[in-house]
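Please open the model in your viewer and keep the selection panel at hand. The stops below proceed from the parts of one chain to its contact with another.

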Amino acid sequence: MRIWLEKQLHLIDFTLASLARRKSKNIGLLAVYALLVFALASVGLFANALRSEASFVLASSPEVILQRLVAGRHDLIPPGYLEKIGRIRGVQKQEGRLWGYYYDAVVKANYTFMARPAEEIAPGSIAIGATLARLRGLAPGNVISFRAYGGKLFTFRIASLLSPDAELLSADLVLLAEADFRAFFDYPAGHYTDIALSVANPQEVRNIAGKLSQALPDSRPILREEVLRTYQSMFDWREGIMLTILAGAIFAFIILAWEKAAGLSAEERKEIGILKAIGWETGDVIRMKLWEGLLVSLAAFLIGFIAAYIHVFYCGASLLEPVLKGWSVLYPRFTLIPAVDGMQVASLAFFTIFPYCAAVLVPIWRAAITDPDSVMRA
Amino acid sequence: MKLRSSLLVLSLLGLGLALLGLLWLDASHPTDAARQQRSARQKLAERLGLTDLSLFMEARYTRHPSQADLHAALQDHPAAFEHFPSGALLPPPAVLTESHAYLAGKTTSPD
């Protein structure tokens, strides 16, 4: 065992000396390799962290949301619907919700207005998300006016700011009293935007959705599991889009690595010839090159992955932010809670380490089994 | 005594692997601040009945993708192209794109 270990250390020493002879070329390759792993790992870690955050946070969203559709479009819930739902067995609680969108021409941004009970928000005041407060330079106690769609100007006092910890959910939220909401949007009395339902037995959610569709054929129930599924597929898609954009870089790297690994330089051929002439066995040459591939690819993977982790979770994914932010005027400030998917790391490690080692081995094996004299003369 | 280059490189790689293990631990044990942040988000979602993350605010179907109606992409007129830039990053919800079940002979009302 000791002899075997000593032999491997000698092989690594020799490999490192051989790599050092083409220092600039190999450092360049390692840098590009690590950068590629960094880009792929950053996208993967970011999407995975957002996906797990969405599934944690939205697990507390309502079990069923009931919308009404008119000509395929979301429409207001008319009076009488809440009572009809109350008669369906298994529905524990039903609550008419009032919410809508408002376009603020001052900063060219859309806000989400949501009505809350009077005991939570006093009439004439509002609670706003931290992102919105930052954008408009508002603090509790300030006053802000919004021109309603009807043309009338409404003035509100900022009662409080929503927790900055929850900016990911509340960037554009404006909470106001129900009476203010109805007056501002000129909402007809007794109408609601949609209905949130609680179901006594979670196993019964699908059955209740079926009963709702039968009792109110113009309604569309949206289940919590569909909300969660939407976010799962959304981040899969986003990850896919980013990887598609990166595909060009990946292929460029594959060509570079193949060129470097598969096409042996005259110097490397000569080196193999000399090694064989002085008594090295084919197995030793292959082992040496295997160490070379393993050292380079493992180092690139470790550097790239660790840098990506620090970038995403400790530097706020600053390089990815412009892509996600797009044209958003209101974009929340949020830090992602580290989440690593073992399968994701294992596949990234496999696809970065294994192909490079394989690409190194094939031409070396071909060169190592030929006659040393012809290899040196070639 | 000068350290052998093989031992030096293997130690560095070992250090890298140990760091990878530490990152794993870091990810599986969120800090108190992270836990507090997540609980604040959960509480707000529960209190207000929120269904979506506020990442894109251009259109109702990008602000609330899970609540998008069946004609969200055609919001301006039938067969209209979906034209907001975040539409390139955001797919239609799965529920809108999955093919409908074969219903012939199963419906109670005429098709």
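**Domains of chain A**

Begin by colouring chain A in two parts: domain 1 (2-58 + 230-377) and domain 2 (62-224), with bounds that come from an automatic or database domain assignment. This is a predicted model, in which local features need pLDDT of at least 70, side-chain atom pairs count only at pLDDT 80 or more, and totals for chains, interfaces and linings use all residues. Residues are numbered from 1 along each chain as its sequence is written, chains are lettered from A in the order in which they are written, and side-chain values use heavy atoms, with hydrogens and water left out.

The C-alpha centres of domain 1 of chain A and domain 2 of chain A are 49 Å apart. Select next the contact between them (heavy atoms within 4.5 Å): 9 residues come from domain 1 of chain A and 15 residues from domain 2 of chain A. The two domains bury about 940 Å² between them, 76% of it on carbon and sulfur atoms; buried area is the accessible area (1.4 Å probe) that two parts lose on being put together, summed over both. Now pick Val329(A), Leu330(A) and Arg333(A), which supply 58% of the area that domain 1 of chain A buries against domain 2 of chain A, more than any other three residues. The count of salt bridges between domain 1 of chain A and domain 2 of chain A is 0, where a salt bridge is a side-chain nitrogen of Lys or Arg within 4 Å of a carboxyl oxygen of Asp or Glu.

**A salt bridge within chain A**

Show the side chains of Arg68(A) and Asp218(A), whose salt bridge has its closest N and O atoms 2.8 Å apart. Arg68(A) is in strand 1 (residues 64-70) of chain A, and Asp218(A), 150 residues apart from it, is in the loop between helix 7 (205-215) and strand 11 (219-223) of chain A. Helices (H or I, at least four residues) and strands (E, at least two) are DSSP runs, numbered from the N terminus.

**The interface with chain B**

Turn to chain B and select its 61 residues in contact with 79 residues of chain A. About 6500 Å² is buried between chain A and chain B, 63% of it on carbon and sulfur atoms. How many salt bridges are there between chain A and chain B? The count is 6. To view a salt bridge here, display Glu53(A) and Arg41(B), with N to O at 2.6 Å. Finally, highlight helix 8 (residues 224-262) of chain A, which gives the most to the side of chain A that touches chain B, with 11 residues.
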